[in-house]
Amino acid sequence: MDYALATSREEQRAALAIYLPVGYPNRAASREALLLAAEHADVVEVGVPHHTCPMDGPVIRQAAAQALAGSDGFQMRDLFAAAVELTARTRTALVVMSYWEPIRSYSPRAFARELAAAGGAGVLVPDLPPHAAPLWGETAAEAGLYTVALAPRHASSARLAELGATTTGMLYAPATGLTGTQRPLSPYLPRLVRRLREATGLPVATGIGISSPQQAAQVAGFSDAVVIGSAVIRRMQSQPDAPAPAAAAACRDFAQAVRQARRPAA
C-alpha cells in the first residue's frame, strides 16, 4: 500500500482503489473481475460479504447477499484464495474491508495471520467496537497489517487525535454516510480531507458515495486516494451475462478520470 500511494504521489495524482466483494456474482466471475480491476487500480479493496451491512446501500447489500447465497456461497477461505492470486499475479496493493463479526467469528488472530500470509496490506473494519479496538490493533500489528480506519464525518479534535494514534497506513474519509449514494458531493469534503490529513499525518482515501468518473476526478484533486465500489458493481448488475468485462470497463473509466486529474506537486 505504501508503494501504491508513493507511486501515485510521484505521478502527481491520486491513487485509485476499487472495492469488490469476494464471490460476487459467483466465484468464477468474482475471480475474473478482481484480476481485471487490478489492471486499472492502484489498490484493490476486497470486501468480505456479510448479512448485516450497516454502512452499505442496496447495491452492495444485494451483491453481498448474492455472494453468500447457496450451498457454495462465500466462505472465508475464498478471501484468502483471492488475496493469494491477486498478490501473486498483480502488483496492485490489497486491502480488505470487513465488518467486525466475520473477523470475530473466524478468530481475529487467525484472520490477521492468514491475510498477511496471503499478501494483504491492511484491513478496514468500519464497525470495529471500541472495546475490541486495542486487541485488534495489536493483533494486526503483530501480523504486519495496517489498521485502516473510517473517520466520522463530524469528528472532534480529540477524536481525530485518537484516530491518528490508532490508525496505520491510511485513513478513510466518507463522502456520504451510505455506500451507493448518488448525489452531488458536499462542498465541505475538501475541508474534511485536509483536516484529517493535518490532524493525523496519514494519507486520506475518500470513498462512499462517489458515483461517477466526474465525481472521482473532483475528489482526486484533493484526496490521496479515491475509492469506488457501488458504481462498478452497478455496472456489473447491468450486464449480468458479462459481469467481469463490465467491471473492467467501469474501472477503466474511473482510472482515466482519476489519472487525468493531476495535482500540483506538494
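Me: How far does the backbone oxygen of leucine 196 lie from a polar atom of the side chain of threonine 200?

Reply: The model is a predicted one, in which local features need pLDDT of at least 70 and side-chain atom pairs count only at pLDDT 80 or more, while totals for chains, interfaces and linings use all residues. Residues are numbered from 1 along each chain as its sequence is written, and side-chain values use heavy atoms, with hydrogens and water left out. Threonine 200 belongs to helix 9 (residues 189-200), helices (H or I, at least four residues) and strands (E, at least two) being DSSP runs numbered from the N terminus. Between the backbone oxygen of leucine 196 and a polar atom of the threonine 200 side chain, the distance is 2.7 Å.

Me: Is threonine 200 buried or exposed?

Reply: The classes rest on relative accessible area (buried under 20%, exposed over 50%, partly exposed in between, with a 1.4 Å probe and protein chains only). Threonine 200 has a relative accessible area of 15%, and therefore it counts as buried.

Me: What sense do strand 4 and strand 5 have in their pairing?

Reply: Strand 4 covers residues 122-124 and is joined to strand 5 over three bridges, where two strands pair if DSSP finds at least two bridges between them. Valine 123 stands opposite threonine 147, a residue of strand 5. The sense of the pairing between strand 4 and strand 5 is parallel.

Me: Which residue is the bridge partner of leucine 150 in strand 6?

Reply: Strand 5 also pairs with strand 6 (residues 171-174), in the parallel sense and over two bridges. In strand 6, the residue that partners leucine 150 is tyrosine 172.

Me: Which helix does the chain pass through on its way from strand 5 to strand 6?

Reply: Strand 4, helix 7 and strand 5 form a right-handed β-α-β unit, right-handed meaning that, with the strands pointing away from the viewer, the path from the first strand over the helix to the second runs clockwise. The β-α-β crossover from strand 5 to strand 6 is right-handed, and the helix in it is helix 8.

Me: What relative accessibility does glutamine 12 have?

Reply: Glutamine 12 is placed in the loop between helix 1 (2-10) and strand 1. Although glutamine 12 is not a glycine, its phi is positive, at about 60 degrees. Glutamine 12 counts as partly exposed because its relative accessibility is 36%.

Me: What is the phi of serine 107?

Reply: Serine 107 occupies the loop between helix 5 (100-106) and helix 6 (108-118). With a relative accessible area of 29%, serine 107 is partly exposed. Serine 107 is a residue other than glycine, yet its phi is positive, near 110 degrees.

Definitions and conventions
Polar contact = N/O pair within 3.5 Å; in protein donor to acceptor, adjacent residues only side chain to side chain.
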